[in-house]
Amino acid sequence: MASLDRVKVLVLGDSGVGKSSLVHLLCQNQVLGNPSWTVGCSVDVRVHDYKEGTPEEKTYYIELWDVGGSVGSASSVKSTRAVFYNSVNGIILVHDLTNKKSSQNLNRWSSEALNRDSVPTGVLVTNGDYDREQFAENQIPLLVIGTKLDQIHDTKRHEVLIRTAFLAEDFNAEEINLIYVLPSRIAQIQGTLLPVLPMLSSSVGFLIRS
Amino acid sequence: MSFLIDSSIMITSQVLFFGFGWLFFMHQLFKDYEVRQYVVQVIFSVTFAFSCTMFELIIFEILGVLNSSSRYFHWKMNLCIILLILVFMVPFYIGYFIVSNIRLLHKQRLLFSCLLWLTFMYFFWKLGDPFPILSPKHGILSIEQLISRVGVIGVTLVALLSGFGAVNCPYTYMSYFLRNVTDIDILALERRLLQTMDMIISKKKRMAMTRRTMFQKGEIHNKPSGFWGMIKSVTTSAPGSENLTLIQQEVDALEELSRQLFLETADLYATKERIEYSKTFKGKYFNFLGYFFSIYCVWKIFMATINIVFDRVGKTDPVTRGIEITVNYLGIQFDVKFWSQHISFILVGIIIVTSIRGLLITLTKFFYAISSSKSSNVIVLLLAQIMGMYFVSSVLLIRMSMPLEYRTIITEVLGELQFNFYHRWFDVIFLVSALSSILFLYLAHKQAPEKHMTP
C-alpha cells in the first residue's frame, strides 16, 4: 500500500472560492456538507489509476494539499505557508467565477508558490507583479479551475468564459475546467456529479509527469 | 447671504469626506472582495461623511469660522441626519442583508427585515431604562431620547476601545515583552508540523485504499437508508468500516494538532519579525514611545479610579487648568484668550485625528479577521454602525476637553443630557476594560513560552 508512488498537488486560491469542497469532492466522491474555514493546510488523498485500461496502468496516490488563507495575509503567515510548498508536482489554481478579484489574485498565488524554491529564507521578496517570463520557464504543470458557474446569470456567462480563457493562457496552464457543482443544495448534486468526475480525474492525471 | 456661503462650504466639505470614505472602503476594506451591492458602499461613506462633519463643526466652533447661526443650523441638521442613519437606515439594511443570506427566508426578505428592525428598535428603546440619562420632561419622539441611547452604546464602545488600546499600545511597542525566538525554534516547529502532515497523509492513504478494496469487493458504499437500514447498520457492521471510523477519529485529532502547530509557527514568525524591527531606528523610537505611553496609561487608570471612588467629575478642562497653573504658579503672563483658543484647537484636533485614525485601523483589522465573501456586506454595515455611534459619543465626551465658551454649542444642540453620567460611565467601562486587558495580556504572555518548552 505504501509502496505506491505519490504525487503532491497544491490547491491554491482565495478564501471562499471552494477549494475545500473541490478537494472533498475529488477524494471522497461526495459534496462537502458544511464547509468551514481552512486554517493552515488540509490534506486529502485520492487513489488514482493512471492510464487506466492500458498495459502501462499504474496506481498513484495523489495528495491534494489545500492551503488556506489569502494573498493579503501577514508576512508571518506567508512564511509559515511556504513550508507546504516544498517538492510540488503540480498546482491547481481555483478562482470564483462570480468574484473578479479572486481571478486577479491567482497571479500572486502562483508567484508565492513558485518562488518558494528560489528564496531560501521563505520570506516573499516580490510585490506580486506579474511576470510572464517566470511562467514560461516553469516546469510545474498548472491547472486553473473556475467555480460557481451555476451562480452566474446566463447573459453574463459568455463574457466570463472569455475572460477565464485569457487567464489560463496567461499562465500557460494546461487546461481550464469549469465545474457546475458546488452549489449549496445537496439534492442537485447527484445528477451533475457523474460527468464531472472523470473529466477532473483525467486532468489531474494529466499533471503527473515522469 | 452669508448663510448660503456657509452652507456651500459645509456641503463641499461633506462631499470631500464622502469621497474619502468611498476611497477608504474600496482600497482598504474591500481590497480582496468585489463590491456587488453599491448600497453598502454608499451607506458606509455617508455615515463617515456625516460623522466627520460633526468634528469639523467643533473645529469651526473653536476657530470661530462661519456665522454662528448657520453653525447652529448645520449642527442640528447634521445631528438629525446622522441619528436617522444610525437608528433607521443602517439597522434596517443589516437586517435585510442577514435575511438575504438565509435561503429559507429569501422570498419574503422585506417582511423579515422589517421584523428584525422592529426587534432592534424594541431593545434599543429598552436600553434607556436602567440608566439615569433622561429627565422626565422630555417627550417620546425627541432628539434627546435617541441621542441618549446612542450615547450610551457609543460611550461603552469608546471606553472599551480606549481601555484596551491604552494597555495594548505599550505592550506592543515595548520590546521588553518580546519573547526570545531563534531560528532553531522555528525550524523545530516547522519540522513537527510537516511530520504531523505526513502522519495525516499516511492515515488517509490507508483509508482510501481500504475504501477502494471494499468498493471493489462490493461491500457497503452507500449509506443505509430508511428504518431497516439503520437497524441493520447497528447489528452488522463490516470490519472495514469499523476500522475506518477509528482511523477517522485519529485523523481528526491529528488535523486539530496541525492547525495548532500552524498557528504557533505563524506566531513565532511574527515575533521574530518584531524582534528584527525593534533593532531598527524606528523600532527604538517606538520602544521609547512605549515607555511614555505606559506611564500615561497608568496615570489614566489612576485618575479613573479616583474619579469613581471619590465620586467627582472634573469641572475644568485640561487647557484651562494648564493655563491656570502656568499663570498662577509659574508666573508667566500671556494672553489667555488667544492661547486658550489655539491650544484647545490643537488638542481637540489631535484627539479627533487620532481617534478617527485609530478607529479606522481597528475596524480594518477586525474586518480582515472575521469577514468572508458571504458575510462581508453585513460586517461592513455593522462597522459603519459602530463607527457612527463611536463618533457621536466622541462628540459627547470631547465636550470635557474644551473650555467653557466652546462647550455651549454642544450643550445647546444636544439638549439637556446628563453629561456627568456619560463621563462617569466612561470611567467605569474604561477601568473595567483596562484591567481585564491587563489580565488577558498577562495570561496570554505567560502561556505562550510554556508551549515552546515542551519538546
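Asn377(B) touches Phe30(B), Gln37(B), Val40(B) and Phe97(B), leaving aside residues up to four places away in sequence. This is a predicted model.

**Asn377(B)**

- Helix H12 of chain B, residues 376-398, holds Asn377(B).
- The relative accessible area of Asn377(B) is 17%. Asn377(B) counts as buried because that value falls under 20%.

**Extent of the interface**

- Chain A gives 35 residues to the contact, and chain B gives 35 residues.
- Interface size is often stated as the accessible area lost when the parts come together.
- Between them, chain B and chain A bury about 3,100 Å². Carbon and sulfur atoms account for 60% of that area.

**Polar and charged links**

- Two salt bridges cross the interface of chain B and chain A.
- Lys205(B) forms a salt bridge with Glu63(A). Their closest N and O atoms lie 3.5 Å apart.
- Two residue pairs are in polar contact between chain B and chain A, both at pLDDT 80 or more.

**The side of chain B that touches chain A**

- Three helices of chain B each supply at least two residues to this side: H6 (183-216), H8 (239-278) and H11 (336-370).
- H6(B) provides the largest share, 12 residues.
- By class, this side of chain B has 15 nonpolar, 15 charged and five polar residues.

Note on methods: Residues numbered from 1 in each chain as written. Chains lettered and ligands numbered in written order. Predicted model: local features only at pLDDT ≥ 70, side-chain atom pairs only at ≥ 80, totals over all residues. Heavy atoms only, no water. Contact = heavy atoms within 4.5 Å. Buried area = accessible area lost by both parts, 1.4 Å probe. Salt bridge = Lys/Arg side-chain N within 4 Å of Asp/Glu carboxyl O. Polar contact = N/O pair within 3.5 Å; in protein donor to acceptor, adjacent residues only side chain to side chain. Helix = DSSP H or I, 4+ residues; strand = E, 2+ residues; numbered from the N terminus. Nonpolar A, V, L, I, M, F, W, Y, C, P; charged D, E, K, R; others polar. Buried < 20%, exposed > 50% of the residue type's maximum accessible area, 1.4 Å probe, protein only.
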